[in-house]
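Student: Could you walk me through this model, step by step?
Tutor: Gladly. Let us look at it together.

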Protein chains: 2
Amino acid sequence: MEANLKAEILKILGDQTRLRVAYLLAASKRSLCVCEIVDSLKLPQYQISKSLIMLRRAGLVDVDRNGTWGYYYPKTDQKTNTILFDFVKEYCIGEPFDGDLTELSKRLALRDGGRCVVGFVPEKELQKLIRKKTAAV
Amino acid sequence: MEANLKAEILKILGDQTRLRVAYLLAASKRSLCVCEIVDSLKLPQYQISKSLIMLRRAGLVDVDRNGTWGYYYPKTDQKTNTILFDFVKEYCIGEPFDGDLTELSKRLALRDGGRCVVGFVPEKELQKLIRKKTAAV
DNA sequence: ACATTGTATGCAAATATGAGCATATAGACA
DNA sequence: TGTCTATATGCTCATATTTGCATACAATGT
């Protein structure tokens with residue numbers, strides 16, 4: 001539960017999926033809904049869920065729940081976490097991190113009033129929904 | 001051999017021993033002899049050796065050999081490595097990192113002409129040797 | 001009540017990792 | 001040649017981790 005050792009924290013980030021999730025949270029300056037992360041990384045939902053839980057147990061992120069939706073964000077109450085996230089943002093350049101951010105920005109375009117209002121959206125439908133939404137505006 | 005994935009690198013640092021070794025190399029601005037690292041961390045020689053080899057395979061450190069002595073140093077030819085070592089220096093505060101640095105500075109006092117001239121030195125003998133050396137100067 | 005949806009989690013098999021010890025190698029030197 | 005000494009490495013066992021799947025749970029809407 002309490003993984004306060006620095007090495008334990010780095011071990012958590014020493015996994016491709018968890019690092020991508022951490023990067024997404026660090027780089028996008030907002031809380032992200034689980035389904036948004038799933039769509040951005042295009043990985044099975046349970047992998048994202050498990051990754052988020054491990055990041056949370058390590059004290060790196062926290063969650064705001066809104067009904068069934070869960071919004072995760074980086075915890076910056078400790079200085080070491082700030083150092084860590086700054087590092088992740090700077091260190092994780094190139095793929096797959098850039099692509100993940102691109103996908104995320106597309107997904108974020110579907111938000112309504114700053115809130116995630118759709119669940120899992122397959123690639124194909126994403127374009128349609130974005131068009132519909134921008135037309136509505 | 002080629003662990004260029006960012007997560008793989010972080011996984012290497014996600015181990016207490018390897019992180020301590022990496023910190024020692026990052027924080028002391030010089031090449032360190034294997035036996036100096038062994039004495040500083042007070043861990044079995046094979047653990048240090050294995051840790052150094054893994055750090056080397058990950059492209060984080062390199063070694064200069066001088067007879068049987070091996071001097072390891074952080075590789076800073078890639079920008080990402082520089083970012084990484086700067087992070088490690090900043091992130092690894094408190095124990096055991098501080099203590100390791102203290103032990104190292106004691107061990108470095110035994111150097112002669114900037115070179116390591118003694119092998120493994122048990123705690124007790126260290127004090128004697130240091131006294132002898134400072135008296136000789 | 002029921003179905004749907006977003007999210008979390010238990011389980012089992014495959015795989016990876018770390019600790020410890022013994023030993024190998026190789027250079028220095030008597 | 002033989003013996004130290006510094007460092008590297010092979011092997012085994014215990015343990016940890018990952019992966020994928022199925023399913024649980026909880027909130028929402030009909």
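Tutor: Chain A can be laid on chain B with an RMSD of 0.0 Å, by a turn of 180° and a shift of 0.0 Å along the axis. The two copies are thus related as by a two-fold rotation axis. Such copies are superposed by least squares on the C-alpha atoms of residues with pLDDT of at least 70 in both.

Student: What should I keep in mind about the model and its numbering?
Tutor: This is a predicted model, where local features need pLDDT of at least 70 and side-chain atom pairs count only at pLDDT 80 or more, while totals for chains, interfaces and linings use all residues; side-chain values use heavy atoms, with hydrogens and water left out. Residues are numbered from 1 along each chain as its sequence is written, and chains are lettered from A and ligands numbered from 1 in the order in which they are written.

Student: Which residue of chain A comes closest to the rotation axis?
Tutor: That is Lys11(A), at 2.6 Å by its C-alpha.

Student: How do I read the size of an interface?
Tutor: The size is often given as the accessible area lost when the parts come together. Here the area buried between chain A and chain B (accessible area, 1.4 Å probe, lost on being put together and summed over both) is about 2,000 Å², and carbon and sulfur atoms give 76% of that. In chain A, Lys6(A), Leu10(A) and Tyr91(A) lose the most area to chain B, together 35% of what that side buries.

Student: How many residues of each chain are in contact?
Tutor: 18 residues of chain A are in contact (heavy atoms within 4.5 Å) with 18 residues of chain B. Moreover, 100% of the interface residues of chain A are also interface residues in chain B, so the copies meet through the same surface.

Student: How many salt bridges are there between chain A and chain B?
Tutor: The count is 0 salt bridges, a salt bridge being a side-chain nitrogen of Lys or Arg within 4 Å of a carboxyl oxygen of Asp or Glu.

Student: Which residues are closest to DNA strand D?
Tutor: Lys50(A), Ser49(B), Thr68(B), Tyr72(B) and Gly119(B) are the closest of the 22 residues that surround DNA strand D, with a heavy atom within 4 Å counting as near. A polar side-chain atom of Lys50(A) lies 2.5 Å from a base oxygen of DNA strand D.

Key. Buried area = accessible area lost by both parts, 1.4 Å probe. Polar contact = N/O pair within 3.5 Å; in protein donor to acceptor, adjacent residues only side chain to side chain.
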